[in-house]
Amino acid sequence: MLGPRPTVAGPGAPDDAPLTAPGATRAGEAVLGQVLEARLRQVRQIDAVAASDLAERVAAFSLRGGKRLRTAFVWCGWRAAGGTGDTGPVLRTGAALELLQACALIHDDVMDGSPLRRGAPALHVDFARGHRAARMSGSAESFGSSAAVLAGDLALAWADDLLTETALASPHGARLHGEWRAMRTEMVAGQYRDLKAQASGSSSGEEALAIAELKSALYTVARPLALGATLAGADPNTVDALRAAGRCAGLAFQLRDDVLGAFGDPLLTGKPAADDLRSRKLTHLLATAVRLARTTGDREAAAVLAAAPDARSPQTVERMRAALERTGARAEVETRIAELAAAALRHFEATGAGTRVQQEFTVLVERAAGVTPRPAEELV
């Protein structure tokens, strides 16, 4: 049982409203823990080995780290649409999104061969280590990848179960499930286009933005906002404004992640440094640098940014970083992040949300984009 649930006033709520976006995030974390405890009990009744080897790893991974932004954005969408009263469906929807995120990260690490996630070994690496420690037969790497795929599948199943339970108990369940269904397909489409772009060596800026929107922007911000608004029975105009705000904020978030992927500190990001550069992952940052190198005739930058995977030594990675700076790509992407963050605030304001929730949305956009959003006139 979740116990008594706090109530939240609608738009324009007084400053003493009992639940804020940070409060919703903390409450959502507690709900996620409760959901995982229940799921673990169920798996233990089915099979003790799967519970200890697989389900417990998924639960621990889901609870370890993460900004929990999606729960906060669900809450913002609900509040912007006038949500009031029982916050249980909002928090459970946020928990379902966190489980979906766990699935996406686990599978993404397998596909990218990433060794580190959230400051610890990625799940496929952890499974492979267990294989070696137990002196099992066959390839440890193959076992690790296969087991991690199953772990991601389990997280997805738990996410779907939780969202379905929430939808069945909601008067807006059909619309809620429609948003969820579309989001899952968008994620898969984005991941496939990411894989294909990397395999083909694409440098297309349009392709990079399409991947960023499908794979990250929609399911990180736009869909969570729409899911929250749907729980409040929002009208189509409000949902459209929230989707526009979420698309802009989500793209800003992904572009920031691209910058961190090239220049971030692993101690802060929890991921290996320059992984995107080593694998020549198609990002908007890379595509911008390639375009600028071609435009200015910077042959050295164009050559190093097109280097084959087997040529990406640590020295090559450093030269790629230098090219991102020298071409002006990093500066251009930083400007674009600021523009997108400002646009997100304008679209959110169009919902007619109260001042308090607008302020909290601004803080969330600042966290996601790594910038302080400014009015559009200041960006000219």
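## Arg280

Arg280 is buried, because its relative accessibility is 8% and the cut-off for burial is under 20%. This is a predicted model. Arg280 is found in the loop between helix 11 (275-278) and helix 12. Its phi is near 50°, a positive value in a residue other than glycine. Most residues other than glycine have a negative phi.

## Arg135

Arg135 also has a positive phi, about 55°, although it is not a glycine. Arg135 sits in the loop between helix 5 (123-133) and helix 6 (140-168). Is Arg135 buried or exposed? Its relative accessible area is 79%, so Arg135 is exposed; the cut-off for that class is over 50%.

## Arg39

Arg39 lies in helix 1 (residues 21-46). It counts as buried because its relative accessibility is 7%.

Which residues does Arg39 touch, leaving aside those up to four places away in sequence? They are Trp158, Asp161, Leu162 and Glu165. Ala51 is 12 residues from Arg39 along the chain, and the C-alpha atoms of the two are separated by 9.6 Å.

Helix 15 has 21 residues, 329-349. At 1.5 Å a residue it should span 30 Å.

The buried residues of helix 15 are Ala329, Val333, Ile337, Ala338, Leu340, Ala341, Ala342, Ala343, Ala344 and Phe348. What covers them? The cover includes helix 3 (69-80), helix 8 (205-231) and helix 9 (236-263). It also includes helix 12 (284-296), helix 14 (314-326) and helix 16 (355-369).

## Helix 12 against helix 15

Two packed helices are described by the angle between their axes and the distance between the axes. For helix 12 and helix 15, the angle is about 130° and the axes are 9 Å apart. The two helices are therefore oblique to each other. Their crossing is right-handed.

Which residues meet at this contact? Helix 12 brings His284, Leu285, Thr288, Ala289, Arg291 and Leu292. Helix 15 brings Ala329, Arg330, Glu332 and Val333. The residues of the contact divide into five nonpolar, two polar and three charged. Ala329 and Val333 take part in this contact, and both are among the buried residues of helix 15.

Methods. Residues numbered from 1 in each chain as written. Predicted model: local features only at pLDDT ≥ 70, side-chain atom pairs only at ≥ 80, totals over all residues. Heavy atoms only, no water. Helix = DSSP H or I, 4+ residues; strand = E, 2+ residues; numbered from the N terminus. Expected span 1.5 Å × (residues − 1). Buried < 20%, exposed > 50% of the residue type's maximum accessible area, 1.4 Å probe, protein only. Contact = heavy atoms within 4.5 Å. Axes fitted to C-alpha atoms, helices over the stretch in contact; angles between N-to-C directions. Parallel < 35°, antiparallel > 145°, perpendicular 65-115°, else oblique. Left-handed = near helix turned anticlockwise from the far one by under 90°. Nonpolar A, V, L, I, M, F, W, Y, C, P; charged D, E, K, R; others polar.
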